[in-house]
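Please read the numbered points alongside the sequence and the model.

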Amino acid sequence: MQKAESKRKGISAKHWLGYMCGDFGGCMTFALMSSIVTRYYTNVLKIDDDVLFVLIMIWNVWDAVNDPLMGTFMDKMFAKSKNPNGKFRPWILRSTPLVAVTAIAFWVLPTFFDGIRMLVVLFLCKILYEGAYTMFNIPMGSLLSAMSTNDQERASLSSARGVGSALGNAIPGIVGVEIIKHYGTENAEGYRVVGVACALIGFVVCLLHYYFTEERNPSRLGSSDENIKWSDVLVSLRRNPLFLALCIHGICICAMQAMFNSVATYMYQDVYGNIKLMEMMYPASAPAMILIFSFAPWLSKKIGLEKMIRYSLFLGGLVFVFLFVLMRVTELNAVLFLILSSLAMGIPTVSIQMQWGLVAEAIDYNEVVIGKKTEGTIYGTFNLARRIGSGIGQGLLIKMLSWFDYDTALSEAGQIQSDFTVLGIQLGNVLVPAVFVFGSWLAFKLVWRISPEIKQKIAEKKEAERILIEKAE
């Protein structure tokens, strides 16, 4: 009885902390894949731009197969087995050590080879890491739907994930950059140390995520339909505008994030001549993010989670555009650029941290309209959209470095790039991200729609599910 009462009281501090640890631990390794990894490819491993572009495209094709297949596989497995330990948490326990081992391999093994052998080792390490991370990330993200029973709990857990993501990105972004700077930005040893340290910290934190979470709203109480098909995702994209809007948003916002974070190393090293300033990116953007996270449950209750996200995207896009115009009309010093660019990034990043509640809403919509509770399929496909966005951002950066004549020899000599190259770096760090942010805003403005009738059906479903849970307990 006591256990049942604790579940009905809502999200506990332990649940909140446990869910926060999910993105905290995951981002300890994944953040490196969107910040310093491009410099690792170009300046440490010295991969040719065209070869690197091909590799990134192949890795994204792998993601195109990997993410939705993994999500649907989890749905199908649970529909058949009804695992009493839960639908998602067992996968978190299985995948956590795999993420740590493959992340260490990615940052260590390729540095001991060169030429074709280096490319082969790098290719395999990246494939294995992405597979392991998908095995962890999909159940971790889908767990929000299994832990929450109402919109306020979803906002609270989204906020928890946002805080975890901020921590998981900040530690590699601040401490990691300092370590790399200590060894030298072109020295493989610094990247190895950072990669191993982040993997080990992430391993411990991901285990805390497993032990402190609970599937309070068990998927076994949802749809019992075992006729889950691989093609269900196509039906969902056609009939679920919430899901479609989220996928467009995922592509755009992750392309923005990849561009901004990856180009930042070139901006601070090759434009301002001081990569150490990157350490201050996350602290500079933290106040705005923490303020919004603190008020997220209250704001979501007042105006709705979707509107809160949409407003943050529009405001962030405006700040990006303002910053680019300012850079073209005046000589902007490094500190002022740091403050404004961190603010421009921090505001729309709120949408990345708070979007998970909307994923749960898309899952509810899917169950009401299509009749299947397929959290894994929906989250896996949404994750694919995000990976595609990251690939677009990284691929576009590689091409822009080539288009604007980036010279690695100048970087190694500690010299500033040409004015033409500096313009390309500024475009990639400020204006291109603004375009992607507004694309994400348009997805919610034009595509996201839900009728009052569907809202009512979702509310009735939630109430029926709540009663069913109480009876089961």
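1. Y191 is buried, at 2% relative accessibility; buried means under 20% relative accessible area, exposed over 50% and partly exposed in between, with a 1.4 Å probe and protein chains only. The model is predicted: local features need pLDDT of at least 70, side-chain atom pairs count only at pLDDT 80 or more, and totals for chains, interfaces and linings use all residues. Residues are numbered from 1 along each chain as its sequence is written, and side-chain values use heavy atoms, without hydrogens and water.

2. The whole structure holds 22 aromatic pairs, that is, rings of Phe, Tyr and Trp (its six-membered ring) with centres within 6.5 Å. W107 and Y191 are stacked, because their ring centres are 6.5 Å apart and their planes lie at 15 degrees; planes under 30 degrees apart count as stacked, over 60 as edge-to-face and the rest as tilted.

3. W107 belongs to helix α5 and Y191 to helix α8 (residues 188-212), so this pair ties together parts 84 residues apart in sequence. Helices are DSSP runs of H or I with at least four residues, numbered from the N terminus. W107 is buried as well, with a relative accessible area of 1%.

4. Of the 20 residues of α5, 14 are buried, so the rest of the structure largely encloses this helix. A kink of about 35 degrees lies at S95, shortly before the proline P97; the bend is the angle between axes fitted to the seven residues ending there and the seven starting there.

5. A105 is found in α5 and counts as buried at 18% relative accessibility.

Key
Helix = DSSP H or I, 4+ residues; strand = E, 2+ residues; numbered from the N terminus.
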